Amino acid sequence: DHLATWLSSSFAAPGMTGMAVDIIQLEKGWEKMKEGIDKFTQIMENDFDNSFPLVLHSELYATCYAMCTQKAPHNCADDLYKKYGTMYEEQLQKSALPAIKAKKGEAMLQEFAKRWKNHKLLVRQMWKLFVYLDRFYIKRVSALPLKAVGVQKFEQVVFNAVKEEVRAGVLGLIEKEREGEEVNRELLKSVVKVF
């Protein structure tokens, strides 16, 4: 089986190859997960000009599953959950927030709407990779579901940092419309939905 062979060869500790179960250390497993996350983020930043490779999706799902089902003390579910949230913080700080802050007025609102839409896609894609955490770990420890973590991170990192500028931009568009100017109502709707 290709996936089992890949898992064995990718994560085997020295001298452990060929054993029934190989331990995936947190650092090595997260490095693999981060490669996939970065790949999807790159695809998203390039307006989805490529698709996310299905083979990579399968490998990442299998990695997460394996890391979450290892026997103690090697089980990485708690650490993966923490890294899942941190991953959003880093990604939003690195790309979304600077891109929004670099623009003003309606262009800023368009960037905000685009980044929110892309973030929701990222959350959905990451949920598919980390779904094992959502189905078993989160229920066991009563933690915030993965999709809610993604939304919460957008609110904490992006929304709270630009909400005054966004509010002013929305009010500016409403004022223009009241004065008889044509405004992008779809943009207004998409931005107001975030509030």
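I began with the residues that line the largest cavity and sorted them into 3 nonpolar, 4 polar and 2 charged, where Ala, Val, Leu, Ile, Met, Phe, Trp, Tyr, Cys and Pro count as nonpolar, Asp, Glu, Lys and Arg as charged, and the others, Gly among them, as polar. I note that this is a predicted model, in which local features need pLDDT of at least 70 and side-chain atom pairs count only at pLDDT 80 or more, while totals for chains, interfaces and linings use all residues. Residues are numbered from 1 along each chain as its sequence is written, and side-chain values use heavy atoms, with hydrogens and water left out.

I then looked up which residues form this lining, and found Met44, Glu45, Gln91, Leu92, Ser95, Ala96, Arg115, Asn118 and His119. A cavity here is a set of points, on a 1 Å grid over the protein atoms alone, where a 1.4 Å probe fits but cannot get out, and lining residues have an atom within 4 Å of a point. Helix H2 (26-45), helix H4 (77-101) and helix H5 (105-129) each supply at least two of the lining residues, and H4 gives the largest share, 4 residues; helices are DSSP runs (H or I, at least four residues), numbered from the N terminus.

I record Val183 as buried because its relative accessibility is 13%, and buried means under 20% relative accessible area with a 1.4 Å probe, protein chains only. The C-alpha atoms of Val183 and Glu106, 77 residues apart along the chain, are separated by 9.6 Å.

Definitions and conventions
Buried < 20%, exposed > 50% of the residue type's maximum accessible area, 1.4 Å probe, protein only. 1 Å grid on protein atoms, 1.4 Å probe; cavity = no way out; pocket = protein on both sides within 12 Å on 5 of 7 lines; lining within 4 Å.
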